Amino acid sequence: MTIHVLTYHSHNVDGTAYAGNDHVAFAEDLEVIRRAGAEVVPLDELAARIAARDRSAARCVGLSFDDGPVFDVHDFVHPRFGPQRGFLNIMRDFRARHGGRALPRLHATSFVIASPQARACMQAELPEYPGEWLSDAWWVEAMDSGLMGIGNHSWDHVHHAVPETAIGNPSTRSKAPKGRSARPRISSGRGPGRRPRYSHSPSAT
Ligand SMILES: [Zn+2]
């Protein structure tokens, strides 16, 4: 049984096209899911269906957001690429456009980093982003929206901006697939002078 769980980074804004902008991609993907006749369900429900070997899980899609930037909920203006719609508002836009019968269980889980110190280190990596963009100030608002849950990414994050982590270095795990590092890596963008953005190898969380 193949299960689909899609993951987005709201701090991944490197242009205005689908491939380099997770806000554009998320909005488009919701339409694709709707047209495909698939069902979005909250991740905990998807996990329960999988545990119960419920074959209906195969036509379900889970939605997750990684690392917990405030852009998961709030619109912001990217210094180079202009206004970006927050993920929560993208879901509200979808609701406004199609009504409650399209993807009636629409819900996404944002996996946030618990350690304020780790978040501060990662935040300093992208100083051009506005304010405390990895703060915890929006977590309750997200849960109260009814469209989002907050999940535990981990205590901190194996990331070059975080000097010490409690969760260990996954590159030393024997489970790491051959030829592919499990260590979260930084993409340098597309040329010198670009600010790096976070990205993850498929095996990292
Ligand atoms: Zn992450």
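The model is predicted; local features need pLDDT of at least 70, side-chain atom pairs count only at pLDDT 80 or more, and totals for chains, interfaces and linings use all residues. Residues are numbered from 1 along each chain as its sequence is written.

Backbone first. Most residues other than glycine have a negative phi. Arg53 is not a glycine, yet its phi is positive, about 50°. Find Arg53 in the loop between helix 2 (43–51) and strand 3 (60–67). Helices (H or I, at least four residues) and strands (E, at least two) are DSSP runs, numbered from the N terminus. Asp67 also has a positive phi, near 85°. Asp67 sits in strand 3.

Buried or exposed? Buried means 20 or more other C-beta atoms within 10 Å of a residue's own, exposed means 12 or fewer, and partly exposed is in between, with C-beta atoms placed from the backbone. Arg53 has 8, so Arg53 is exposed. Asp67 has 22, so Asp67 is buried.

Now the cores. A nonpolar core is a set of buried Ala, Val, Leu, Ile, Met, Phe, Trp, Tyr and Cys residues joined through C-beta atoms within 7 Å. The largest has 27 residues. Phe87, Leu88, Met91 and Ala108 have the most contacts inside it. Helix 1 (22–36), strand 3 and helix 3 (87–98) each supply at least two residues of this core. Helix 3 gives the largest share, five residues. There is a second, separate core of seven residues. Its members include Ile113, Ala118, Met122 and Val162.
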